[in-house]
Amino acid sequence: MVLRSFGASTGFLDNLWKQIWSLKIHLKVRHFMWQALNHSLATKEALFSPKCAADPLCPICKENLETIEHLLLLCEWSHKVWHGSYLSLIMDPMHVTSFEALCYSFLVEDSPLEDYDKAYIACVYWNIWKTRSALVCSIVALNPLQVIESSNATVEKHWKINCNVVPPLFCPKISIDK
Ligand SMILES: [Zn+2]
């Protein structure tokens, strides 16, 4: 499945935030989404201008600016996470104009995704960020499969608590070496 960005419109962010608020996700994931959509995550690019980071490069690939879009959607490593997830998502760089536009494309009412899928995507974002932040502190190895499994556990745990239905069974689509 390839997700494409939609253009911004009046009330775009308000509507997007309303959709995120309705997701059955843990408060910490919701708070993370709020930070990401308000560009308040401490990415290397954001920290570089006020000279709070030695360089603006992605700490994973070390080749591109670490923007929110690059880290969460376009980094080659993040690609492995998305593609290996049960949704098997492919982020098309030609159609990723901004993080918020892509979020809008999968959260708006006519999105082809189920509520569980939407909650899962938010959990993948959060787990990518969590893994990246641990890497910056040099305390983890980069393992896309571990991120996928953490995302499965994150969304399942909250889903079971808030919904009276059993979450769908899934496993990573492919095996990943790195
Ligand atoms: Zn990267």
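The mean pLDDT of the protein chain is 82, and 84% of its residues reach 70 or more; pLDDT is the predictor's confidence in each residue, from 0 to 100. This is a predicted model, in which local features need pLDDT of at least 70 and side-chain atom pairs count only at pLDDT 80 or more, while totals for chains, interfaces and linings use all residues. Residues are numbered from 1 along each chain as its sequence is written.

**Confidence at the two ends**

- Over residues 1-8, pLDDT stays under 50, and the model has 25 contacts beyond four places in sequence for them. Two residues are in contact if their C-beta atoms, placed from the backbone, lie within 7 Å.
- Residues 174-178 also have pLDDT under 50, with eight contacts beyond four places in sequence.

**The overall layout**

- You can find eight helices and two strands in the protein chain. Helices (H or I, at least four residues) and strands (E, at least two) are DSSP runs, numbered from the N terminus.
- Starting at the N terminus, the order of elements is β-α-α-α-α-α-β-α-α-α.
- Of the 178 residues in the protein chain, 35% are buried. A residue is buried if 20 or more other C-beta atoms lie within 10 Å of its own, exposed if 12 or fewer, and partly exposed in between, with C-beta atoms placed from the backbone.
- Among the contacts with a separation of 6 or more, 68% join residues 24 or more positions apart.

- Helix H2 covers residues 27-37, and its buried residues are Val29, Phe32, Met33 and Ala36. These residues lie on the same side of H2 because they cover an arc of only 100° around the axis. The arc is that of the directions from the helix axis to the C-beta atoms.
- On the face of H2 turned away from its buried side, you will see the exposed residues Leu27 and His31.
- Among the elements that cover the buried residues of H2 are helix H1 (12-22), helix H4 (68-74), helix H6 (99-107), helix H7 (115-136) and helix H8 (144-162).

**Where H2 meets H7**

- Two packed helices are described by the angle between their axes and the distance between the axes.
- The axes of H2 and H7 come within 9 Å and cross at roughly 80°. Axes are lines fitted to C-alpha atoms, for helices over the stretch in contact, and angles run from 0 to 180 degrees between N-to-C directions.
- H2 and H7 are therefore roughly perpendicular to each other. Angles under 35 degrees count as roughly parallel, over 145 as roughly antiparallel, 65 to 115 as roughly perpendicular and the rest as oblique.
- From H2, Val29, Phe32, Met33 and Ala36 meet Ala122, Cys123, Tyr125, Trp126 and Trp129 of H7.
- Alanine 122 touches Leu23, Ile25, Val29 and Met33, leaving out residues up to four places away in sequence.

**The largest nonpolar core**

- The largest nonpolar core has 40 residues, of which Ala119, Ala122, Cys123, Tyr125 and Ile128 touch the most other members. A nonpolar core is a set of buried Ala, Val, Leu, Ile, Met, Phe, Trp, Tyr and Cys residues joined through C-beta atoms within 7 Å.
- At least two residues of this core come from each of H1, H2, H4, helix H5 (76-84), H6, H7 and H8.
- H7 supplies the largest share of this core, ten residues.

**Helix H5**

- In H5, the buried residues are Ser78, Lys80, Val81 and Trp82.
- Their cover includes H4, strand S2 (90-91), H7 and H8.

**Single residues to look up**

- Phenylalanine 99 is in helix H6, and it counts as buried because it has 22 C-beta neighbours inside 10 Å.
- Apart from neighbours within four places in sequence, phenylalanine 99 is in contact with Ala36, Ile68, Glu69, Leu72 and Leu73.
- Aspartate 117 belongs to helix H7, and with 18 other C-beta atoms within 10 Å it is partly exposed.
- Histidine 39 lies in the loop between H2 and helix H3 (44-48). It has a positive phi of about 50° although it is not a glycine, and its 13 C-beta neighbours inside 10 Å make it partly exposed.
- Serine 88 lies in the loop between H5 and S2. It too is not a glycine, yet has a positive phi of about 50°, and with 12 C-beta neighbours inside 10 Å serine 88 counts as exposed.
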